[in-house]
Amino acid sequence: MSAGAVARIRFAVSCLWEVVASVRVLRDPGDHAVHLPWVRRVRPPLVEAGLIDADGGLLWQLVPARPRYLADFLTPSPAGLIPDLAAELAALGGTPTDTVRAHLDLYPGERTPTLAALYADPPAGLRRLTEEIEAYWRIALAPHWPRLRLLLDADVTARARLLAEDGAGALLNDLHHQVRWEDDTLLVAQRHCLAPDVPDGPGLVLVPSVFVWPSVASVSAGDAPQLAYPARGLGALWEHPAGVPDALAAVLGRGRARLLTELTAPASTTELARRSGMSPAGVSQHLTALRAAGLVVTHRRGRALLSARTDLAEALFSATG
């Protein structure tokens, strides 16, 4: 990577990346154990809609299980930090015919009739694909998107701070054990990674992802190279918080202890109110007290204020759990 490309590193949160990565989870859930609660919840309605399993639809056939090649045109470079499914689908639908065919040529084996139809008429196939993605999104991801979005936003905030404090090298070396930055080179230990040098122009787009875990994924085609990596805090994403420790409730009061228990990942006041059954005003009052005690820190992400447990709060949980 050139110095100019490093200087233009940016983050983006992408709906299409979550669609594509989550389909891979459904294809091989055994390799993504952290997401099994989600798989059990969404697989039946997706099967009923004909979107996954057996022959599935076009989306299902385009997204193979790891480590096989995945067409780069499925994940066009996101335009900005704020995710916008409609904008990403418009970019996908506008993929040039030659690009679609060139990427399909990289798939091994004989094409299924569905993929052959996409190859023969890419504009019509892309219209079908965007319709399938919209249906998939409504069933599999839209009900969970507020929780997923908070996690992704929190990851961007934490890594942007690391970039500001320690520079691009520290940021890149902190992304994942398969990613290493040394001697002006970004090394990605990954199959099907044929990325050329990143010139001075577009820089590199870093995409935090919930479902790409436990690996990383890269895209070298399109306007800018992309690297999708697992967002922080995935371990507790689908867990129901444990009961409030009695010792913690005795010290803090049950309401404040309940909120700390819920903060397994950064969350907004509205989300905490929904989970805890408290009013937003009550949650806000408790969070103010917890911040004053050094147990919670709050930062802004766009229009949302996200609260997270501090190291002191984690130590307190360890002592009382």
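**Close-up 1. Salt bridge between Arg159 and Asp174 in the predicted model.** The side chains of Arg159 and Asp174 meet in a salt bridge, with 2.9 Å from N to O. Because Arg159 lies in helix α9 (residues 145-166) and Asp174 in the loop between α10 (168-173) and β2 (179-182), the pair ties together parts that are 15 residues apart in sequence. The two partners fall into separate accessibility classes: Arg159 is buried, with a relative accessible area of 2%, whereas Asp174, at 35% relative accessibility, counts as partly exposed. Through salt bridges that share partners, Arg159 and Asp174 are joined with Asp155 and Arg232 into one network.

**Close-up 2. Salt bridge between Asp105 and Arg111.** In this view the side chains of Asp105 and Arg111 form a salt bridge, for which the N to O value is 2.7 Å. Asp105 has a relative accessibility of 46% and therefore counts as partly exposed, and Arg111, at 33% relative accessibility, also counts as partly exposed.

**Close-up 3. Salt bridge between Arg43 and Asp53.** Arg43 is paired with Asp53 in a salt bridge whose closest N and O atoms are 2.9 Å apart. Since Arg43 lies in helix α3 and Asp53 in the loop between α3 and α4 (58-62), this pair ties together parts that are 10 residues apart in sequence. Asp53 has a relative accessibility of 28%, so Asp53 counts as partly exposed. In general, side chains of opposite charge can pair when their charged atoms come close. With a side-chain nitrogen of Lys or Arg required to lie within 4 Å of a carboxyl oxygen of Asp or Glu, the count for the predicted model comes to 12 salt bridges.

**Close-up 4. Crossing of helices α3 and α8.** The axes of helix α3 (residues 36-48), the helix that also holds Arg43, and of helix α8 (residues 122-141) come within 9 Å and cross at roughly 135°. This angle makes α3 oblique to α8, because angles over 145 degrees would be needed for a roughly antiparallel pair and those of 65 to 115 degrees for a roughly perpendicular one. The crossing in which α3 passes α8 is right-handed. On the α3 side the contact is made by Trp38, Val42, Pro45 and Leu46, and on the α8 side by Tyr136, Ile139, Ala140 and Leu141. Sorted by class, the contact of α3 with α8 has 8 nonpolar residues, with no polar and no charged residues.

Methods: Residues numbered from 1 in each chain as written. Predicted model: local features only at pLDDT ≥ 70, side-chain atom pairs only at ≥ 80, totals over all residues. Heavy atoms only, no water. Axes fitted to C-alpha atoms, helices over the stretch in contact; angles between N-to-C directions. Helix = DSSP H or I, 4+ residues; strand = E, 2+ residues; numbered from the N terminus. Parallel < 35°, antiparallel > 145°, perpendicular 65-115°, else oblique. Left-handed = near helix turned anticlockwise from the far one by under 90°. Contact = heavy atoms within 4.5 Å. Nonpolar A, V, L, I, M, F, W, Y, C, P; charged D, E, K, R; others polar. Buried < 20%, exposed > 50% of the residue type's maximum accessible area, 1.4 Å probe, protein only.
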